[in-house]
Amino acid sequence: MLEIKNLSVSVQNKTIINSLNLKIERGKKVAIMGPNGSGKSTLSNVIAGKQGYQINDGQIFFNDINIFDLDPEERAAKGIYLAFQYPVEIPGIANSSFLRTALNSIRKYNGEKDLNTREFLEECKNLSKKLNLDTSFLSRDLNTGFSGGEKKKNEIFHMLMIKPKLCILDEIDSGLDIDALKVISDGVSEYSNENNSLLIITHYQRLLEYIKPDEVHIFNEGKIIKSGDYSLVEKLEEKGYQEFV
Amino acid sequence: MTTSETAKIVEEASEYKYGFTTDIEQEFAPKGLNHDIVKFISKKKNEPQWLLDWRLNAFDMWKNREHEMPEWANLKYDSIDFQDIHYFAAPKSDEEKPKSLDEIDPELLRAYNKLGIPLKEQEFLAGIKNSHKVAVDAVFDSVSVATTFKDELNKLGIIFCSFSEAVQNHPDLVKKYLGSVVPTNDNFFSNLNSAVFSDGSFVYIPPNVKCPMELSTYFRINAANTGQFERTLIIADRGSYVSYLEGCTAPMRDENQLHAAVVELVALENAEIKYSTVQNWYPGDKNGKGGIYNFVTKRGTCLGDNSKISWTQVETGSAVTWKYPSVILKGDNSKGEFYSVALSNNMQQADTGTKMIHLGKNTSSRIVSKGISAGKGQQTYRGLVNVLPNATNTKNFTQCDSLLIGNDCGAHTVPYINVRNELSDVAHEATTSKISEEQLYYCRQRGINEEDATALIVNGFCREVLKNLPMEFAVEAKKLLELSLEGAVG
Ligand SMILES: Nc1ncnc2c1ncn2[C@@H]1O[C@H](COP(=O)(O)OP(=O)(O)O)[C@@H](O)[C@H]1O
Ligand SMILES: [Mg+2]
């Protein structure tokens, strides 16, 4: 699904990602754990196509296409989704109309017809119930005045509506209470199947206890310093990052 | 029915409605402005002596200030030679008109296509040779629609006709209210308009009648060639209500670069007038060449107690916009509102805002202005809240937001607040923001391209204003904003 080869990225001449290699197979759940400031969000943004980074070396392939030439919206249309660590507020635009615009843009890119509005709203309502969200949040302005937890849930709500192939979850668990964490992890786990892949970025164990990743990588200073299976999560929890650095 | 038969019927219909239109084709006044021209205009319209005197008086006042065009606005444009203009609809001879759409600014054509305007109407809007008759055919259906509406309005005693018609058929009303809100010499352009106004709309709503439909200039087909010096008068008698729509979203080209309209609204006791405008005159090409200069005076008086006047405007067109729809709050407990979206892209300049003049007790006003600048566009909000000594318990709230797209545009806010009554509550908030990179990136990550994302964010920025427009107008206004923003990003 995703293959990152020898990637080096810097911002304002400071190296943030340093000769990174990472492969995510179709159907796999991959976790990246790393301390604050280690470059996790930078990595997510470089995959999603955010501008402003210097790519010094390397390539990223998504389903065997080099994506460096694609705009963020093209990557999105091809199935890359990023749940933002800090979702952005857009006043005056209802959450549901934003989402409908997004879905129709993606459909248009892929040569599909616009959504049927009634079916879309029906699906929205069912899903918001599942995520324990009041339906009023469909008509509220996008992320505007949402609590931290609501913003995170909304990222997952968008994801489940858009149905991407590669889901990058950037610290989806920070600032969530236990109940919200459970609802979100259930939603994500249910979505995961043999045709899609997850890249879960976190520095807590909790979320991973629910989602049970297939592979775990420990990330520091823009590099993977240790890889393993789920047992690595427990080891990390016991010993802390220091042990691995 | 053959085309020629249709044309004949339309011609008769239009003759019946606007007696002199066919004559104009043959006769028009030479360039320049003097007593004779004013008399010519008045005679052509078969006006009564009092109106001719009124025009001549206006002309004399204007003559004294001919070289004193106001300069306080934040606008730059070439000086206008007022003696080099035709004041009585001089239709371009066919030789001078563009021969086909091939000769029209391609940007304009793209806009027509995006708005889904049929080819024949495009030709009319663009002022193509021989397109008038075709356009009359094209709007023929709406002639009959308009007639049906007219019957319904007649039953309720509502008068909705061209200004010229009103002069003939309802002279008492016209005489009583013409110039009562915007005095002849109020400003340079109202002064000019008073001398030479061409035509416009007249509306009278009788006591306690709620006008059952939105009155729209669209149903007054007279539009051709009256655009330059329009004169509109709307009177809502005691306890009545009317919602009036002006303008159209299609960018209209006009050979006349200078536009100076006057609109007067009068709301008597317990009456309410809602006036919505979408202004999209040709803004000129990317370098600002050929755009319309729009100097408009719009004002309403809440004459009676508990009356209300609400202005909503979406201003996306014209090269230069100079416009301050205002409300004089004379009656006790009266309310004034001003909701505005103004967008300046490329070389466009807009200096726009409102005046709320509080005279009566317990009056309130609300101002929501959303200015958007893109390209090299310049945008100024200029507003006055004036609370006079007797206006006890005045309430005013002003929200004035500017949105910048790109680095070469400008936004300016010039609020004048003058409070001479201590028991008043006047609040002003202003913000200036840019569309943030983070917002654009977020939208794009969700699959929405940069241009659509910009339009989306702008629509969100304007929502408070757009939601005041009647439904179908709001939908069109949204499309229009998107269109006017094209090329503003990337
Ligand atoms: N746009 C930027 N400008 C300057 N420094 C940046 C920028 N983005 C990230 N950084 C720096 O890069 C490092 C990694 O940041 P980030 O990717 O957000 O880490 P993480 O998500 O792992 O906490 C930090 O030192 C951060 O300050
Ligand atoms: Mg981060």
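I sorted the residues of the shell around ligand 1 into 3 nonpolar, 7 polar and 2 charged, where Ala, Val, Leu, Ile, Met, Phe, Trp, Tyr, Cys and Pro count as nonpolar, Asp, Glu, Lys and Arg as charged, and the others, Gly among them, as polar. I note that this is a predicted model, in which local features need pLDDT of at least 70 and side-chain atom pairs count only at pLDDT 80 or more, while totals for chains, interfaces and linings use all residues. Residues are numbered from 1 along each chain as its sequence is written, chains are lettered from A and ligands numbered from 1 in the order in which they are written, and side-chain values use heavy atoms, with hydrogens and water left out.

**Ligand 1**

I listed the residues around ligand 1, counting a residue as near if one of its heavy atoms lies within 4 Å, and found among them Val11(A), Gln12(A), Pro35(A), Asn36(A) and Thr42(A). Strand S2 (14–24) and helix H1 (40–48) of chain A each supply at least two residues of this shell, and H1(A) gives the largest share, 3 residues; helices (H or I, at least four residues) and strands (E, at least two) are DSSP runs, numbered from the N terminus.

I then looked up polar contacts, pairs of N or O atoms within 3.5 Å. Oxygen atoms of ligand 1 lie 3.2 Å from a backbone N or O atom of Ser38(A), 3.0 Å from a polar backbone atom of Gly39(A) and 2.8 Å from a backbone N or O atom of Lys40(A). The protein covers 62% of the 560 Å² of accessible area that ligand 1 has on its own, by the Shrake-Rupley method with a 1.4 Å probe.

**Aromatic pairs**

I searched the whole structure and found 24 aromatic pairs over all chains, meaning rings of Phe, Tyr and Trp (its six-membered ring) with centres within 6.5 Å, stacked if the planes are under 30 degrees apart, edge-to-face if over 60 and otherwise tilted. Tyr275(B) and Trp311(B) form a tilted pair, 5.0 Å centre to centre with 55° between the planes. Tyr275(B) lies in strand S8 (residues 272–279) and Trp311(B) in strand S10 (residues 308–315) of chain B, so the pair ties together parts that are 36 residues apart in sequence. Both Tyr275(B) and Trp311(B) are buried, that is, under 20% relative accessible area (1.4 Å probe, protein chains only), with exposed over 50% and partly exposed in between.

I also checked Trp322(B) and Tyr324(B), an edge-to-face pair at 5.5 Å and 80°; Trp322(B) is buried at 4% relative accessible area and Tyr324(B) at 11%.

How values were computed
A polar contact is a pair of N or O atoms within 3.5 Å; within protein, one must be able to donate a hydrogen and the other to accept it, and residues adjacent in sequence count only if both atoms are side-chain atoms.
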